[in-house]
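Trainee: I've just opened this one and could use a guide. Can we walk through it together?

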Amino acid sequence: MSRLERLSALGKRQPSKTIHQLFLQDTKRAERFSVHASDLLFDFSKTSIDGDVLSSLLSLADSCGVMKKRDQMLSGQKINQTENRPALHTALRRPCSQPLYVDGMDVMDDVTTTRRRMEKFSDGIRRGSIKPATADQFTDVVNIGIGGSDLGPEMTTLALANFRDGPTPHFISNIDGAQATECLRPLNPKTTLVIVASKTFTTIETMTNAAYVREWMQTGAGESSIPRQFAAVSSDVMKCVEFGLNAQQVFGFSDWVGGRYSIWGPIGLSLMITMGQDKFRQFLDGAYEMDDHFAHAPPEDNLPLLHGLVGIWHHQVCRYPTRAILPFDYRLRRLPAYLQQLIMESNGKSVTMDGEDLLSDSSPVIWGEVGTNGQHAFFQALHQGTQVIPCEFLVAAMGQAHEPKPHHDLLVANCLAQSEALMTGQGNSDQPEKNRHWSAATNIDLTPHRRCGGNRPSTTLIYPRLTPFTLGQILALYEHSTFVEGAILDINSFDQWGVELGKEKAKSLLSAVEVAQELESVSGSTARLLEFIHTARRRPEF
(Lines give C-alpha, C1' and ligand atoms only; values in the text may rest on other atoms or scores of the structure.)
Protein backbone atom coordinates (compact mmCIF):
# COMPACT_ATOMS: atom_id res chain seq x y z
CA MET A 1 0.00 0.00 0.00
CA SER A 2 1.39 3.42 -0.97
CA ARG A 3 1.73 6.35 1.40
CA LEU A 4 -1.20 8.08 -0.30
CA GLU A 5 -3.37 4.97 0.13
CA ARG A 6 -2.40 4.73 3.79
CA LEU A 7 -3.28 8.39 4.35
CA SER A 8 -6.59 7.92 2.54
CA ALA A 9 -7.35 4.87 4.65
CA LEU A 10 -6.62 6.91 7.77
CA GLY A 11 -9.08 9.53 6.62
CA LYS A 12 -11.85 6.96 6.65
CA ARG A 13 -11.09 6.15 10.29
CA GLN A 14 -11.94 9.57 11.69
CA PRO A 15 -13.94 9.11 14.91
CA SER A 16 -17.64 9.90 14.73
CA LYS A 17 -17.60 11.32 18.25
CA THR A 18 -16.67 14.89 19.07
CA ILE A 19 -13.51 15.59 21.05
CA HIS A 20 -15.61 16.39 24.11
CA GLN A 21 -17.43 13.08 23.75
CA LEU A 22 -14.09 11.27 23.58
CA PHE A 23 -13.28 12.70 27.01
CA LEU A 24 -16.65 11.60 28.39
CA GLN A 25 -16.00 8.12 27.02
CA ASP A 26 -12.49 7.82 28.49
CA THR A 27 -11.80 9.32 31.91
CA LYS A 28 -8.05 8.74 31.42
CA ARG A 29 -7.91 10.30 27.96
CA ALA A 30 -5.64 13.17 29.03
CA GLU A 31 -3.13 10.68 30.40
CA ARG A 32 -3.30 8.38 27.36
CA PHE A 33 -2.90 11.18 24.83
CA SER A 34 -0.03 13.14 26.32
CA VAL A 35 3.68 12.48 26.61
CA HIS A 36 6.57 13.73 28.75
CA ALA A 37 10.12 14.41 27.64
CA SER A 38 12.27 15.73 30.47
CA ASP A 39 10.67 19.04 31.49
CA LEU A 40 8.14 19.19 28.64
CA LEU A 41 4.58 17.91 28.59
CA PHE A 42 2.89 17.61 25.20
CA ASP A 43 -0.88 17.20 25.49
CA PHE A 44 -2.69 16.21 22.29
CA SER A 45 -5.82 14.89 23.99
CA LYS A 46 -7.88 17.84 22.68
CA THR A 47 -7.69 16.46 19.13
CA SER A 48 -9.93 13.95 17.40
CA ILE A 49 -7.25 11.25 17.61
CA ASP A 50 -8.51 8.16 19.42
CA GLY A 51 -6.78 4.88 20.25
CA ASP A 52 -7.42 3.31 16.84
CA VAL A 53 -6.21 6.38 14.98
CA LEU A 54 -3.08 6.64 17.13
CA SER A 55 -2.25 3.00 16.45
CA SER A 56 -2.74 3.59 12.74
CA LEU A 57 -0.53 6.67 12.80
CA LEU A 58 2.24 4.78 14.58
CA SER A 59 1.92 1.99 12.01
CA LEU A 60 2.13 4.57 9.24
CA ALA A 61 5.37 5.92 10.71
CA ASP A 62 6.75 2.41 10.92
CA SER A 63 5.82 1.53 7.36
CA CYS A 64 7.38 4.77 6.11
CA GLY A 65 10.65 3.95 7.88
CA VAL A 66 10.65 7.12 9.98
CA MET A 67 12.89 5.71 12.70
CA LYS A 68 15.32 4.25 10.16
CA LYS A 69 15.56 7.68 8.50
CA ARG A 70 16.02 9.24 11.94
CA ASP A 71 18.99 6.95 12.59
CA GLN A 72 20.44 7.80 9.18
CA MET A 73 20.18 11.53 9.92
CA LEU A 74 21.69 11.32 13.41
CA SER A 75 24.57 9.12 12.22
CA GLY A 76 25.62 11.52 9.47
CA GLN A 77 24.41 9.66 6.39
CA LYS A 78 23.73 11.81 3.33
CA ILE A 79 19.98 12.04 3.64
CA ASN A 80 19.92 15.38 1.78
CA GLN A 81 20.22 13.53 -1.51
CA THR A 82 19.59 16.44 -3.87
CA GLU A 83 22.67 18.21 -2.47
CA ASN A 84 24.59 15.02 -1.63
CA ARG A 85 25.24 15.94 1.98
CA PRO A 86 24.19 15.01 5.52
CA ALA A 87 21.80 17.06 7.62
CA LEU A 88 23.86 17.32 10.77
CA HIS A 89 22.63 20.35 12.70
CA THR A 90 22.37 17.96 15.66
CA ALA A 91 26.20 17.73 15.67
CA LEU A 92 26.36 21.40 16.68
CA ARG A 93 24.85 20.61 20.10
CA ARG A 94 26.41 17.17 20.50
CA PRO A 95 28.88 16.76 23.41
CA CYS A 96 32.43 17.27 22.18
CA SER A 97 33.47 13.92 23.68
CA GLN A 98 31.20 11.96 21.31
CA PRO A 99 32.84 11.43 17.89
CA LEU A 100 30.73 11.47 14.73
CA TYR A 101 32.25 10.28 11.47
CA VAL A 102 31.30 11.50 8.00
CA ASP A 103 33.34 10.22 5.05
CA GLY A 104 35.88 8.85 7.52
CA MET A 105 36.43 12.14 9.35
CA ASP A 106 35.25 13.05 12.84
CA VAL A 107 33.19 16.21 12.29
CA MET A 108 33.21 16.91 16.02
CA ASP A 109 36.83 18.05 15.79
CA ASP A 110 35.81 21.03 13.68
CA VAL A 111 32.63 21.64 15.70
CA THR A 112 34.64 21.70 18.92
CA THR A 113 37.37 23.98 17.54
CA THR A 114 34.82 26.48 16.22
CA ARG A 115 32.79 26.42 19.44
CA ARG A 116 35.91 27.14 21.51
CA ARG A 117 36.87 30.01 19.20
CA MET A 118 33.37 31.43 19.62
CA GLU A 119 33.62 31.12 23.39
CA LYS A 120 37.00 32.83 23.49
CA PHE A 121 35.78 35.67 21.28
CA SER A 122 32.48 36.21 23.11
CA ASP A 123 34.21 36.04 26.48
CA GLY A 124 36.73 38.65 25.31
CA ILE A 125 33.89 40.94 24.19
CA ARG A 126 32.02 40.52 27.47
CA ARG A 127 35.09 40.98 29.71
CA GLY A 128 36.48 43.89 27.73
CA SER A 129 39.74 42.26 26.62
CA ILE A 130 38.50 42.60 23.03
CA LYS A 131 37.72 46.28 22.67
CA PRO A 132 36.45 48.72 20.07
CA ALA A 133 39.01 50.86 18.24
CA THR A 134 38.46 54.00 20.34
CA ALA A 135 36.48 52.87 23.42
CA ASP A 136 36.87 50.55 26.39
CA GLN A 137 33.80 48.35 25.99
CA PHE A 138 31.23 47.22 23.44
CA THR A 139 27.72 48.29 24.38
CA ASP A 140 25.78 46.92 21.41
CA VAL A 141 26.01 44.11 18.87
CA VAL A 142 24.28 44.28 15.47
CA ASN A 143 23.61 41.01 13.65
CA ILE A 144 23.21 41.41 9.89
CA GLY A 145 21.68 38.38 8.18
CA ILE A 146 18.47 37.13 6.62
CA GLY A 147 16.37 33.97 6.86
CA GLY A 148 17.87 31.56 9.36
CA SER A 149 20.81 33.92 9.86
CA ASP A 150 18.37 36.45 11.31
CA LEU A 151 15.28 34.64 12.58
CA GLY A 152 17.28 32.26 14.79
CA PRO A 153 19.42 34.87 16.56
CA GLU A 154 16.61 37.40 16.87
CA MET A 155 14.04 34.92 18.15
CA THR A 156 16.40 33.36 20.71
CA THR A 157 17.81 36.63 22.06
CA LEU A 158 14.27 37.93 22.57
CA ALA A 159 13.18 34.66 24.16
CA LEU A 160 16.13 34.67 26.56
CA ALA A 161 16.27 38.42 27.22
CA ASN A 162 15.86 37.68 30.91
CA PHE A 163 19.28 35.99 30.87
CA ARG A 164 21.09 38.75 28.99
CA ASP A 165 23.96 40.42 30.83
CA GLY A 166 26.16 41.49 27.91
CA PRO A 167 25.91 43.97 25.02
CA THR A 168 22.44 44.82 23.74
CA PRO A 169 21.52 42.88 20.57
CA HIS A 170 20.04 44.44 17.42
CA PHE A 171 19.12 42.91 14.07
CA ILE A 172 19.11 43.99 10.45
CA SER A 173 17.70 41.67 7.83
CA ASN A 174 15.40 43.48 5.43
CA ILE A 175 16.73 44.96 2.21
CA ASP A 176 14.36 47.84 2.92
CA GLY A 177 16.73 50.59 4.07
CA ALA A 178 14.25 51.71 6.71
CA GLN A 179 15.26 48.86 9.00
CA ALA A 180 18.98 49.61 8.81
CA THR A 181 18.57 53.34 9.38
CA GLU A 182 16.18 52.85 12.30
CA CYS A 183 18.44 50.24 13.87
CA LEU A 184 21.56 52.40 13.67
CA ARG A 185 20.00 55.73 14.65
CA PRO A 186 20.33 55.32 18.46
CA LEU A 187 23.65 53.44 18.35
CA ASN A 188 27.17 54.75 18.85
CA PRO A 189 29.46 53.48 16.06
CA LYS A 190 32.42 53.70 18.46
CA THR A 191 30.96 51.05 20.81
CA THR A 192 29.09 48.79 18.37
CA LEU A 193 30.14 45.31 17.25
CA VAL A 194 28.76 44.15 13.90
CA ILE A 195 28.33 40.49 12.94
CA VAL A 196 27.77 39.78 9.24
CA ALA A 197 26.11 36.38 8.89
CA SER A 198 26.29 34.92 5.40
CA LYS A 199 27.72 31.48 4.70
CA THR A 200 28.93 32.45 1.21
CA PHE A 201 29.40 36.15 2.04
CA THR A 202 27.45 36.91 -1.14
CA THR A 203 23.81 37.03 0.06
CA ILE A 204 22.66 40.22 -1.66
CA GLU A 205 20.41 41.52 1.12
CA THR A 206 23.02 40.87 3.80
CA MET A 207 25.95 42.27 1.85
CA THR A 208 24.03 45.40 0.84
CA ASN A 209 23.23 46.06 4.50
CA ALA A 210 26.79 45.21 5.55
CA ALA A 211 28.24 47.76 3.12
CA TYR A 212 25.85 50.41 4.46
CA VAL A 213 26.78 49.66 8.09
CA ARG A 214 30.49 49.64 7.26
CA GLU A 215 30.17 53.13 5.77
CA TRP A 216 28.27 54.25 8.88
CA MET A 217 31.05 52.91 11.10
CA GLN A 218 33.85 54.38 8.97
CA THR A 219 32.20 57.79 9.19
CA GLY A 220 31.55 57.62 12.92
CA ALA A 221 34.54 55.66 14.23
CA GLY A 222 37.20 55.76 11.54
CA GLU A 223 38.70 53.22 9.15
CA SER A 224 40.60 51.45 11.94
CA SER A 225 37.30 50.39 13.51
CA ILE A 226 36.39 47.94 10.71
CA PRO A 227 38.78 45.03 11.45
CA ARG A 228 38.24 45.43 15.21
CA GLN A 229 34.48 45.99 15.29
CA PHE A 230 33.32 43.63 12.55
CA ALA A 231 33.04 39.85 12.80
CA ALA A 232 31.56 37.39 10.34
CA VAL A 233 29.83 34.05 10.28
CA SER A 234 30.92 32.72 6.91
CA SER A 235 32.74 29.86 5.25
CA ASP A 236 34.56 32.16 2.81
CA VAL A 237 37.36 33.71 4.85
CA MET A 238 38.98 35.37 1.80
CA LYS A 239 35.83 37.32 0.93
CA CYS A 240 35.61 38.46 4.55
CA VAL A 241 39.23 39.66 4.51
CA GLU A 242 38.63 41.49 1.22
CA PHE A 243 35.70 43.24 2.92
CA GLY A 244 38.13 44.48 5.59
CA LEU A 245 37.62 41.94 8.35
CA ASN A 246 40.19 40.28 10.58
CA ALA A 247 40.38 36.57 9.67
CA GLN A 248 40.54 35.71 13.39
CA GLN A 249 37.03 37.09 13.76
CA VAL A 250 35.51 34.91 11.03
CA PHE A 251 33.60 31.80 12.16
CA GLY A 252 32.60 29.22 9.55
CA PHE A 253 30.31 26.22 9.50
CA SER A 254 29.90 23.24 7.22
CA ASP A 255 27.49 22.86 4.32
CA TRP A 256 25.63 20.14 6.22
CA VAL A 257 23.99 22.83 8.35
CA GLY A 258 21.04 24.56 6.69
CA GLY A 259 20.30 28.16 7.59
CA ARG A 260 17.04 27.41 9.38
CA TYR A 261 18.85 24.82 11.52
CA SER A 262 21.93 26.90 12.28
CA ILE A 263 21.26 28.75 15.55
CA TRP A 264 23.23 26.07 17.43
CA GLY A 265 26.59 27.03 15.89
CA PRO A 266 28.32 30.25 14.81
CA ILE A 267 25.00 31.80 13.71
CA GLY A 268 24.26 31.89 17.46
CA LEU A 269 27.31 34.08 18.11
CA SER A 270 25.20 37.14 18.98
CA LEU A 271 23.25 35.02 21.48
CA MET A 272 26.45 33.77 23.08
CA ILE A 273 27.84 37.31 23.35
CA THR A 274 24.70 38.70 24.96
CA MET A 275 24.17 35.98 27.59
CA GLY A 276 27.55 34.22 27.91
CA GLN A 277 28.96 30.83 27.04
CA ASP A 278 27.58 29.02 30.11
CA LYS A 279 23.97 29.84 29.29
CA PHE A 280 24.61 29.14 25.60
CA ARG A 281 25.84 25.67 26.56
CA GLN A 282 22.66 25.15 28.57
CA PHE A 283 20.74 26.03 25.41
CA LEU A 284 22.72 23.39 23.49
CA ASP A 285 22.26 20.87 26.30
CA GLY A 286 18.48 21.25 26.15
CA ALA A 287 18.50 20.58 22.42
CA TYR A 288 20.82 17.59 22.84
CA GLU A 289 18.54 16.10 25.49
CA MET A 290 15.68 16.26 22.97
CA ASP A 291 17.95 14.67 20.34
CA ASP A 292 18.70 11.85 22.76
CA HIS A 293 15.02 11.41 23.55
CA PHE A 294 14.14 11.30 19.84
CA ALA A 295 16.89 8.75 19.25
CA HIS A 296 15.98 6.34 22.06
CA ALA A 297 12.40 6.76 23.30
CA PRO A 298 9.98 4.08 22.06
CA PRO A 299 7.50 5.30 19.41
CA GLU A 300 4.50 5.44 21.75
CA ASP A 301 6.47 7.71 24.14
CA ASN A 302 8.48 9.63 21.56
CA LEU A 303 7.51 13.29 21.77
CA PRO A 304 8.85 14.49 18.38
CA LEU A 305 7.35 11.47 16.62
CA LEU A 306 3.92 11.99 18.18
CA HIS A 307 4.09 15.74 17.56
CA GLY A 308 4.80 15.10 13.90
CA LEU A 309 2.05 12.50 13.63
CA VAL A 310 -0.48 14.99 15.02
CA GLY A 311 0.63 17.37 12.27
CA ILE A 312 0.13 14.66 9.62
CA TRP A 313 -3.30 13.84 11.04
CA HIS A 314 -4.48 17.44 10.94
CA HIS A 315 -3.12 18.48 7.55
CA GLN A 316 -2.81 15.41 5.35
CA VAL A 317 -5.75 13.44 6.78
CA CYS A 318 -8.24 15.97 8.14
CA ARG A 319 -7.19 18.43 5.42
CA TYR A 320 -7.01 21.47 7.69
CA PRO A 321 -4.99 23.96 5.58
CA THR A 322 -3.23 25.96 8.30
CA ARG A 323 -1.70 25.64 11.78
CA ALA A 324 -1.72 28.44 14.33
CA ILE A 325 1.31 28.71 16.65
CA LEU A 326 0.11 30.46 19.81
CA PRO A 327 2.73 31.04 22.51
CA PHE A 328 1.20 32.45 25.68
CA ASP A 329 4.66 33.77 26.41
CA TYR A 330 5.61 37.28 25.32
CA ARG A 331 9.27 36.37 25.04
CA LEU A 332 8.39 33.81 22.36
CA ARG A 333 6.78 36.45 20.17
CA ARG A 334 9.09 35.67 17.23
CA LEU A 335 8.64 31.91 17.54
CA PRO A 336 5.74 31.76 15.02
CA ALA A 337 7.92 33.42 12.36
CA TYR A 338 10.84 31.13 13.21
CA LEU A 339 8.67 28.02 12.91
CA GLN A 340 7.09 29.38 9.77
CA GLN A 341 10.48 29.24 8.08
CA LEU A 342 11.48 25.95 9.69
CA ILE A 343 8.34 24.07 8.63
CA MET A 344 7.37 25.72 5.35
CA GLU A 345 10.89 25.97 3.94
CA SER A 346 11.62 22.39 4.97
CA ASN A 347 8.40 20.73 3.86
CA GLY A 348 6.97 23.11 1.27
CA LYS A 349 7.79 20.67 -1.53
CA SER A 350 5.81 19.13 -4.39
CA VAL A 351 7.97 16.14 -5.36
CA THR A 352 9.10 13.02 -3.53
CA MET A 353 12.68 11.96 -2.96
CA ASP A 354 12.49 10.12 -6.30
CA GLY A 355 11.44 13.28 -8.14
CA GLU A 356 7.86 12.09 -8.63
CA ASP A 357 4.90 14.40 -8.13
CA LEU A 358 3.72 14.44 -4.54
CA LEU A 359 0.12 13.21 -4.58
CA SER A 360 -0.80 14.53 -1.13
CA ASP A 361 -0.53 17.95 0.47
CA SER A 362 2.88 18.92 1.82
CA SER A 363 3.36 21.72 4.35
CA PRO A 364 0.42 23.54 5.92
CA VAL A 365 0.48 27.31 6.13
CA ILE A 366 2.11 28.21 9.46
CA TRP A 367 1.13 31.43 11.18
CA GLY A 368 0.58 32.76 14.66
CA GLU A 369 0.98 35.43 17.28
CA VAL A 370 1.39 35.85 21.01
CA GLY A 371 -1.76 34.27 22.39
CA THR A 372 -3.09 37.07 24.55
CA ASN A 373 -2.84 39.52 21.66
CA GLY A 374 -4.43 37.00 19.30
CA GLN A 375 -7.45 36.68 21.59
CA HIS A 376 -8.39 40.22 20.65
CA ALA A 377 -7.65 39.77 16.95
CA PHE A 378 -8.13 36.45 15.14
CA PHE A 379 -9.45 34.13 17.87
CA GLN A 380 -12.95 35.07 16.69
CA ALA A 381 -12.28 33.07 13.52
CA LEU A 382 -10.76 30.22 15.51
CA HIS A 383 -13.97 29.81 17.50
CA GLN A 384 -16.67 30.66 14.95
CA GLY A 385 -15.07 30.77 11.50
CA THR A 386 -15.96 28.29 8.78
CA GLN A 387 -12.42 26.86 8.57
CA VAL A 388 -11.11 24.60 11.31
CA ILE A 389 -7.63 25.75 12.33
CA PRO A 390 -5.64 23.46 14.64
CA CYS A 391 -4.02 25.50 17.39
CA GLU A 392 -0.70 24.81 19.09
CA PHE A 393 -0.55 26.46 22.50
CA LEU A 394 2.73 26.95 24.36
CA VAL A 395 2.87 28.17 27.95
CA ALA A 396 5.17 28.12 30.98
CA ALA A 397 3.84 26.89 34.31
CA MET A 398 5.78 29.70 36.01
CA GLY A 399 6.92 33.13 34.94
CA GLN A 400 10.37 34.52 35.64
CA ALA A 401 11.15 35.10 39.32
CA HIS A 402 11.10 38.90 39.07
CA GLU A 403 7.78 39.06 37.22
CA PRO A 404 4.42 39.64 38.96
CA LYS A 405 2.75 36.29 39.75
CA PRO A 406 -0.85 37.56 39.28
CA HIS A 407 -0.01 38.43 35.69
CA HIS A 408 1.29 34.95 34.98
CA ASP A 409 -1.63 33.26 36.70
CA LEU A 410 -4.00 35.21 34.44
CA LEU A 411 -1.86 34.36 31.41
CA VAL A 412 -1.99 30.61 32.13
CA ALA A 413 -5.73 30.79 32.85
CA ASN A 414 -6.32 32.40 29.46
CA CYS A 415 -4.25 29.77 27.67
CA LEU A 416 -6.06 26.86 29.31
CA ALA A 417 -9.44 28.54 28.83
CA GLN A 418 -8.91 28.99 25.10
CA SER A 419 -8.07 25.35 24.44
CA GLU A 420 -11.02 24.26 26.59
CA ALA A 421 -13.42 26.66 24.85
CA LEU A 422 -12.26 25.59 21.39
CA MET A 423 -13.11 22.01 22.33
CA THR A 424 -16.42 22.46 24.16
CA GLY A 425 -17.88 25.54 22.46
CA GLN A 426 -21.11 26.98 23.81
CA GLY A 427 -24.82 26.98 23.00
CA ASN A 428 -24.73 23.38 21.74
CA SER A 429 -27.44 22.04 24.03
CA ASP A 430 -29.99 19.52 22.76
CA GLN A 431 -32.60 21.88 24.21
CA PRO A 432 -31.68 25.25 22.69
CA GLU A 433 -34.85 26.89 23.97
CA LYS A 434 -33.30 26.79 27.45
CA ASN A 435 -30.34 28.84 26.27
CA ARG A 436 -32.03 31.55 24.24
CA HIS A 437 -30.40 34.98 24.20
CA TRP A 438 -32.46 37.93 23.06
CA SER A 439 -31.35 41.47 22.34
CA ALA A 440 -33.40 43.76 24.53
CA ALA A 441 -32.82 46.67 22.16
CA THR A 442 -33.81 44.99 18.87
CA ASN A 443 -35.69 41.86 19.98
CA ILE A 444 -33.34 39.78 17.81
CA ASP A 445 -32.63 36.19 18.74
CA LEU A 446 -28.87 36.22 19.41
CA THR A 447 -28.65 32.48 20.06
CA PRO A 448 -27.21 31.47 16.66
CA HIS A 449 -24.83 34.44 16.70
CA ARG A 450 -23.45 33.49 20.10
CA ARG A 451 -23.15 29.81 19.35
CA CYS A 452 -19.63 28.35 19.15
CA GLY A 453 -19.66 24.87 17.68
CA GLY A 454 -16.62 23.62 19.56
CA ASN A 455 -14.86 20.44 18.45
CA ARG A 456 -11.90 22.57 17.34
CA PRO A 457 -8.60 20.69 17.85
CA SER A 458 -5.64 22.00 19.78
CA THR A 459 -2.45 20.80 21.41
CA THR A 460 -0.63 22.26 24.39
CA LEU A 461 3.10 22.21 25.05
CA ILE A 462 3.75 23.17 28.66
CA TYR A 463 7.10 23.64 30.42
CA PRO A 464 8.08 24.73 33.94
CA ARG A 465 9.75 28.04 33.01
CA LEU A 466 11.38 29.48 29.90
CA THR A 467 15.13 28.99 30.31
CA PRO A 468 18.01 28.45 27.85
CA PHE A 469 17.72 24.69 28.44
CA THR A 470 13.95 24.66 27.90
CA LEU A 471 14.16 26.78 24.76
CA GLY A 472 16.74 24.36 23.35
CA GLN A 473 14.33 21.49 23.99
CA ILE A 474 11.42 23.28 22.30
CA LEU A 475 13.33 24.22 19.16
CA ALA A 476 14.85 20.76 18.77
CA LEU A 477 11.39 19.24 19.24
CA TYR A 478 10.02 21.26 16.32
CA GLU A 479 13.05 20.42 14.16
CA HIS A 480 12.50 16.70 14.68
CA SER A 481 8.73 16.97 14.34
CA THR A 482 9.23 18.66 10.97
CA PHE A 483 11.61 15.87 9.99
CA VAL A 484 9.00 13.25 10.94
CA GLU A 485 6.37 14.85 8.71
CA GLY A 486 8.82 15.08 5.81
CA ALA A 487 9.89 11.46 6.27
CA ILE A 488 6.29 10.25 6.15
CA LEU A 489 5.67 12.27 2.97
CA ASP A 490 8.97 11.01 1.48
CA ILE A 491 10.21 14.52 0.69
CA ASN A 492 13.59 16.16 1.28
CA SER A 493 13.21 18.47 4.26
CA PHE A 494 16.73 19.86 3.90
CA ASP A 495 16.95 21.57 0.51
CA GLN A 496 15.21 24.80 -0.57
CA TRP A 497 15.51 25.23 -4.31
CA GLY A 498 12.37 27.35 -4.47
CA VAL A 499 14.02 30.03 -2.35
CA GLU A 500 16.60 30.67 -5.08
CA LEU A 501 14.18 31.34 -7.95
CA GLY A 502 12.97 34.76 -6.83
CA LYS A 503 16.53 35.79 -5.90
CA GLU A 504 17.78 35.03 -9.40
CA LYS A 505 14.95 36.97 -11.01
CA ALA A 506 15.65 39.92 -8.68
CA LYS A 507 19.24 40.06 -9.93
CA SER A 508 18.11 40.19 -13.54
CA LEU A 509 15.52 42.89 -12.78
CA LEU A 510 17.82 45.14 -10.76
CA SER A 511 19.26 46.97 -13.76
CA ALA A 512 15.75 47.61 -15.11
CA VAL A 513 14.74 49.11 -11.75
CA GLU A 514 17.87 51.29 -11.58
CA VAL A 515 17.63 52.59 -15.16
CA ALA A 516 14.50 52.58 -17.33
CA GLN A 517 14.85 49.94 -20.02
CA GLU A 518 12.67 47.44 -21.79
CA LEU A 519 12.97 43.80 -20.88
CA GLU A 520 11.62 41.15 -23.21
CA SER A 521 11.89 38.43 -20.59
CA VAL A 522 9.23 39.78 -18.21
CA SER A 523 5.46 39.68 -18.34
CA GLY A 524 3.31 42.61 -19.37
CA SER A 525 2.35 43.08 -15.74
CA THR A 526 5.96 43.47 -14.57
CA ALA A 527 6.75 45.77 -17.51
CA ARG A 528 3.83 48.02 -16.59
CA LEU A 529 4.88 48.10 -12.94
CA LEU A 530 8.40 49.14 -13.99
CA GLU A 531 6.91 51.86 -16.17
CA PHE A 532 4.93 53.21 -13.20
CA ILE A 533 8.02 53.15 -10.98
CA HIS A 534 10.10 55.22 -13.40
CA THR A 535 7.25 57.62 -14.13
CA ALA A 536 6.82 58.22 -10.39
CA ARG A 537 10.55 58.78 -9.93
CA ARG A 538 10.54 61.52 -12.60
CA ARG A 539 7.86 63.55 -10.79
CA PRO A 540 9.49 66.61 -9.24
CA GLU A 541 7.68 66.34 -5.89
CA PHE A 542 9.45 63.02 -5.26
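Here is a short chat about a sheet and some helices in this predicted model.

Trainee: Which strands stand at the edges of the open sheet of 5 strands?
Mentor: Start with the strand order, which is E6-E5-E7-E8-E9, with parallel pairing. An edge strand has a single partner, so one side of it is left without a neighbour in the sheet.

Trainee: Now the helices: at what angle do H13 and H14 pack?
Mentor: Helix H13 covers residues 277–296 and helix H14 residues 303–317, and their axes are 7 Å apart. Roughly perpendicular is the label for angles of 65 to 115 degrees, and H13 is roughly perpendicular to H14. The angle itself is about 80°.

Trainee: How many residues of that contact are nonpolar?
Mentor: H13 brings Met290, His293 and Phe294, while H14 brings Leu303, Pro304 and Leu305. No charged residue takes part and 1 is polar, which leaves the nonpolar count at 5.

Trainee: And how many of the residues of H20 are buried?
Mentor: Helix H20 (residues 468–489) has 22 residues and reaches 32 Å from its first C-alpha to its last. Buried means under 20% relative accessible area. The helix is largely enclosed by the rest of the structure, because the number of its 22 residues that are buried is 21.

How values were computed:
Residues numbered from 1 in each chain as written. Predicted model: local features only at pLDDT ≥ 70, side-chain atom pairs only at ≥ 80, totals over all residues. Heavy atoms only, no water. Pairing = 2+ DSSP bridges. Helix = DSSP H or I, 4+ residues; strand = E, 2+ residues; numbered from the N terminus. Axes fitted to C-alpha atoms, helices over the stretch in contact; angles between N-to-C directions. Parallel < 35°, antiparallel > 145°, perpendicular 65-115°, else oblique. Contact = heavy atoms within 4.5 Å. Nonpolar A, V, L, I, M, F, W, Y, C, P; charged D, E, K, R; others polar. Expected span 1.5 Å × (residues − 1). Buried < 20%, exposed > 50% of the residue type's maximum accessible area, 1.4 Å probe, protein only.
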